[in-house]
Amino acid sequence: MLNIEGLDELSQMNNVQQLIYYVQQNGPYLWDQFVRHFLISIYGVLFAALVAIPLGFYIARHSKLADWVVGAANVIQTIPSLAMLSILMLGFGIGVNTVIITVFLYSLLPIVKNTYAGVKSVDNALIDAAKGMGMTRWQQTYKVELPMALSVIMAGLRNALVVAIGVTAIGTFVGAGGLGDIIQRGVNASQGGAIILAGAIPTALMAVAADLVLAWLERKLNPASRISR
């Protein structure tokens with residue numbers, strides 16, 4: 001339950017003061033929703049990665065399928081997120097699972113596309129050298145192609161996670177909770193500016209932090225940066 005008391009005193013505060021007061025009074029609730037929001041986003045992206053990365057490798061070796069697979073993922077991406085949630089809610093009901101499935105679907109395109117691009121960018125001379133050393137197809141994948149394509153795949157994961165955090169914010173409309181739930185409470189309140197900020201600011205900071213961390217990992221995994229060291 002939200003705990004906002006002293007309405008007369010609050011009405012005389014500006015939005016920043018109200019925000020500080022709200023956070024002080026509802027810190028545990030805010031933290032719970034922050035963790036819930038992050039986990040929903042992470043689970044959706046991880047499940048998508050488990051499907052999309054192997055699929056990206058597969059279509060890189062069967063190029064005739066690439067346009068079909070990427071095209072299908074593009075179609076999913078064009079559906080507005082609120083419409084997607086509404087459609088999936090009819091099949092899976094309200095709650096967290098519907099949002100995770102939505103995040104999963106929206107994460108497919110950037111991960112598949114980047115995995116495909118990363119694998120196709122591997123120099124054929126390296127593949128020929130691996131074959132000359134007697135490596136099996138599986139050994140070529142995890143010893144040559146995957147390390148060389150990893151930074152590009154990470155860029156896809158980075159894009160997917162940032163999008164996922166935004167999509168999860170509207171999961172409140174299907175009862176999933178998260179920081180979007182706080183934003184909605186603020187919208188419904190008569191003087192809810194501070195409550196909106198209490199949900200919007202952590203959402204924005206989460207997206208920025210995730211982008212910065214994955215961008216750092218992307219640079220670290222880039223073969224050019226590893227060679228330069």
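1. A crossing of two helices is called left-handed if the near helix is turned anticlockwise from the far one by less than a right angle, and right-handed if clockwise; helices here are DSSP runs (H or I, at least four residues), numbered from the N terminus. The model is predicted, so that local features need pLDDT of at least 70 and side-chain atom pairs count only at pLDDT 80 or more, while totals for chains, interfaces and linings use all residues. Residues are numbered from 1 along each chain as its sequence is written, and side-chain values use heavy atoms, with hydrogens and water left out.

2. On the pair H4 and H5: H4 passes H5 in a right-handed crossing. The two helices pack at an angle of about 130 degrees with their axes 9 Å apart, the axes being lines fitted to C-alpha atoms over the stretch in contact and the angles running from 0 to 180 degrees between N-to-C directions. H4 is therefore oblique to H5, given that angles under 35 degrees count as roughly parallel, over 145 as roughly antiparallel, 65 to 115 as roughly perpendicular and the rest as oblique.

3. In that contact (heavy atoms within 4.5 Å), residues of H4 including Met84, Leu88 and Phe92 meet residues of H5 including Val99, Ile101 and Tyr106. The residues of the contact divide into nine nonpolar, three polar and no charged, where Ala, Val, Leu, Ile, Met, Phe, Trp, Tyr, Cys and Pro count as nonpolar, Asp, Glu, Lys and Arg as charged, and the others, Gly among them, as polar.

4. H8 and H9 pack at an angle of about 150 degrees, with their axes 7 Å apart, which means that H8 is roughly antiparallel to H9. Their crossing is left-handed, and the residues of this contact divide into ten nonpolar, three polar and one charged.

5. Val122 lies in the loop between H5 and helix H6 (124-132). With a relative accessible area of 7%, Val122 is buried, a term for under 20%, whereas exposed means over 50% and partly exposed in between (1.4 Å probe, protein chains only). Not counting residues up to four places away in sequence, Val122 touches Ile127, Val144, Glu145 and Met148.
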